[in-house]
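Q: I'd like a close look at one part of this model, with the charged pairs elsewhere for context. Can you walk me through it?

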Amino acid sequence: MIDERALLEVLNSTPVVDGRPRDEWADDAVLRRWAEEHGGSGDAAAVDWLRAARDVLQAATYGPVPEAGLRRILAGVRRTPEVGASGLRWRLDAPPERMLAVELVLAWFDVREHRPGRLRPCGNEECRLFLLDRSRANTARWCSMKTCGNRLKARRHQERARQAPAP
C-alpha cells in the first residue's frame, strides 16, 4: 500500500532544478524501479497509469479535482470486505496494470480526509513541490525552510530594504 511518504515522492517527482522544471519519471527505468520498490509491476501499461495518476493528483492538489481523470483511473475498481480471525479487512480489486495508480489515488484521498488542508503546494510560486504540513498549527508554507523558506524570506527582506527611505 502507498503511504504518505510515497505519495509525496510521487507528487514531488517534477521538481524545478536550477530554474528548470524536471520530470524524474520521464525515464521509464526510473519509474519502473519506483513501481517495483512499492509493490507494483514495472510493465509499460503500469508505468503509463502511474504517470497519469501523478498528473491528476498534482492537478487536484493545486486546484479543482479533475473528475474525469480520476474516474478513468478508478473505473471498475472495488473494495470488498473480508472477515477473518483477525477482524475486518478490505481487499482492493483493480486491474493489475492500474493497481499501484489506484493505491496512489486512495492514499491521496485518505490524506485529504484524515488531514484536511494539510497537503498543499509549496508557497514559493517558483517551486513545484508539495508538502504535507504536520505542524500543530497547520502553518507550514514551504516544502523546505532551508531552500524555499529562506529564499523567500531573504527576497522579502531585500525588497523592504530597497523600499525603505535612505537616512
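In which strand is Leu88 found?

A: Leu88 sits in strand β4, and keep in mind that this is a predicted model. Strand β4 covers residues 87-93 and runs antiparallel to strand β3, residues 78-84, with seven bridges joining the two. Together β3 and β4 make a hairpin, with two residues between them. Across the pairing, Pro81 stands opposite Trp90 of β4.

Now for the surface. Leu88 has a relative accessible area of 54%, so it counts as exposed, the cut-off being over 50%. Along with Val83 and Trp90, Leu88 makes a nonpolar surface patch of about 380 Å². There is charge here too: Arg78, Glu82, Arg89, Arg91 and Asp93 are linked in a network of salt bridges.

Elsewhere, the salt bridge count comes to 15. One of them pairs Glu4 with Arg115, whose closest N and O atoms are 2.8 Å apart. Glu4 belongs to helix α1 and Arg115 to the loop between α5 and β5, so this contact ties together parts 111 residues apart in sequence. Asp23 and Arg54 also meet in a salt bridge, at 2.8 Å from N to O. Here a loop between β2 and α2 holds Asp23 while helix α3 holds Arg54, so the pair links parts 31 residues apart in sequence. Arg54 is buried at 2% relative accessible area, whereas Asp23 is partly exposed at 29%.

Technical notes. Residues numbered from 1 in each chain as written. Predicted model: local features only at pLDDT ≥ 70, side-chain atom pairs only at ≥ 80, totals over all residues. Heavy atoms only, no water. Pairing = 2+ DSSP bridges. Helix = DSSP H or I, 4+ residues; strand = E, 2+ residues; numbered from the N terminus. Patch = residues over 30% accessible without salt bridge, like charges linked within 9 Å, V, L, I, M, F, W, Y side chains within 5 Å. Areas by Shrake-Rupley, 256 points an atom, 1.4 Å probe, with all protein chains shown as cover. Salt bridge = Lys/Arg side-chain N within 4 Å of Asp/Glu carboxyl O. Buried < 20%, exposed > 50% of the residue type's maximum accessible area, 1.4 Å probe, protein only.
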